[in-house]
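Q: Could you walk me through this structure and tell me what stands behind each label you use?

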Amino acid sequence: MGRAYQNRKESMAKTAAAKSKVYSKYGRQIYVVAKQGGIDPVGNLQLRSLIDSAKKDQVPAHVIEKAIDKAKGGAGEDYAPAIYEGFGPGNCMVMVECLTDNPNRTIGEVRNCFTKTKCKLGAPGSVAHMFDHCAILRFAGEDEDAVLEALMMADVDVTDVEAEGGFITVFAPHTESYKAKQALLDAFPELDFEVDEIQYLPQVSTTLSGDDDIALMEKFLDMLNDCDDVQNIYHNAEF
């Protein structure tokens with residue numbers, strides 16, 4: 001299902017030019033999740049997962065602590081999630097995931113990225129139906145049957161389990177993310193997740209055939225990642 005999933009997502013840790021931008025985006029996400037679900041990572045599994053991801057991307061502890069302290073205070077910005085959809089170079093499909101405290105500003109910036117690279121911003125739902133909203137858990141291992149059995153015993157709705165190159169990747173509906181992770185930790189307490197994310201995975205891919213389309217796609221992604229409100233970009237383009 002998803003062997004190429006990492007190639008189809010432009011993550012903030014990979015594409016942001018400056019570390020400060022990475023820290024800012026993580027700080028915003030942690031603040032929002034902590035404010036919505038509580039500041040205790042033990043009780044807020046989404047926060048715990050996000051903190052783990054931030055640490056793996058080498059976000060300093062003081063950035064994480066500052067975001068949680070800000071959420072503890074109860075005041076501050078009121079961020080809301082927003083997703084924009086459209087068509088990129090070569091008619092590939094694109095989803096842009098944002099956190100914004102000013103939707104008018106955010107959609108203006110995102111629209112500018114589409115317009116400046118000859119891409120087309122679509123209406124809500126224009127491409128979302130061609131993506132699966134999935135939880136992805138990847139860890140070292142080879143016994144996919146034991147992993148599948150553990151998930152089934154915990155009554156987790158598993159989409160797929162893949163074993164390749166000494167790693168096992170579990171795909172599940174995004175609503176099963178925490179349940180799947182806990183089931184795996186219960187069965188294999190020493191498990192260390194290399195990937196613990198929720199992503200939009202494309203159902204089909206579009207190959208960019210010309211150098212112009214590839215260059216335009218790279219410019220398009222760079223422009224989007226320069227927008228402070230953009231958190232993640234998902235696409236079905238293959239270079």
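Predicted model: local features only at pLDDT ≥ 70, side-chain atom pairs only at ≥ 80, totals over all residues.

Q: What makes S5 and S8 a pair, and in which sense do they run?
A: Two strands pair if there are at least two bridges between them. S5, residues 131–140, and S8 are joined over 9 bridges in the antiparallel sense, so with the cut-off at two bridges they count as a pair. Another position along this pairing has Ile136 opposite Glu197 in S8.

Q: How do you know that S5 also pairs with S7?
A: The same test applies: at least two bridges are needed. S5 and S7 have 7 bridges, again in the antiparallel sense. Ile136 turns up here too, standing opposite Phe171 in S7.

Q: What is the order of the strands in this open sheet, and how are neighbours turned against each other?
A: The sheet has 4 strands in the order S6-S7-S5-S8, with antiparallel pairing. On average, neighbouring strands are turned by 20° against each other, direction ignored.

Q: Why are S6 and S8 said to stand at the edges?
A: Strand S6 (160–164) and strand S8 (193–202) each have a single partner strand, so one side of each is left without a neighbour in the sheet.

Q: Why is S5 described as largely enclosed?
A: A residue is buried when its relative accessible area is under 20%. In S5, 7 of the 10 residues are buried, so the strand is largely enclosed by the rest of the structure.

Q: What makes S10 largely enclosed, and which strand pairs with S10?
A: For strand S10 (residues 230–235), 6 of the 6 residues are buried, so the rest of the structure largely encloses this strand. S10 pairs with S3 in the antiparallel sense over 5 bridges. One of the positions there has Glu97 with Asn232 in S10 as its bridge partner.

Q: Why is Asn91 called exposed, and what is its phi?
A: Exposed means over 50% relative accessible area. Asn91 has 54%, so it is called exposed. Its phi is near 65°, a positive value in a residue other than glycine. Asn91 lies in the loop between strand S2 (80–87) and strand S3 (93–100).

Q: How do you know that Asp155 is exposed, and where does it lie?
A: The relative accessible area of Asp155 is 59%, and the cut-off is over 50%, so Asp155 is exposed. Asp155 lies in the loop between helix H6 (144–153) and S6. Phi of Asp155 is near 60°, which is positive in a residue other than glycine.

Q: Why does Glu176 have no salt bridge?
A: A salt bridge needs a side-chain nitrogen of Lys or Arg within 4 Å of a carboxyl oxygen. For Glu176, which is buried, the nearest side chain of opposite charge is Lys179, 4.3 Å away. That distance is beyond the cut-off, so no salt bridge is counted.

Q: Where is Glu176, and which residues does it touch?
A: Glu176 is in the loop between strand S7 (167–173) and helix H7 (177–187). Leaving out residues up to four places away in sequence, Glu176 touches Asp155, Val156 and Asp157.

Q: What does the UniProt record annotate for residues 80–237?
A: An unreviewed UniProt entry carries the annotation "domain: TACO1/YebC-like second and third" for residues 80–237. In the model, this span is 32% helix and 37% strand, and its end C-alpha atoms lie 28 Å apart.

Methods. Residues numbered from 1 in each chain as written. Heavy atoms only, no water. Helix = DSSP H or I, 4+ residues; strand = E, 2+ residues; numbered from the N terminus. Axes fitted to C-alpha atoms, helices over the stretch in contact; angles between N-to-C directions. Buried < 20%, exposed > 50% of the residue type's maximum accessible area, 1.4 Å probe, protein only. Lys, Arg positive; Asp, Glu negative; His and termini not counted. Contact = heavy atoms within 4.5 Å. UniProt positions renumbered as here; feature names shortened; annotations may be inferred.
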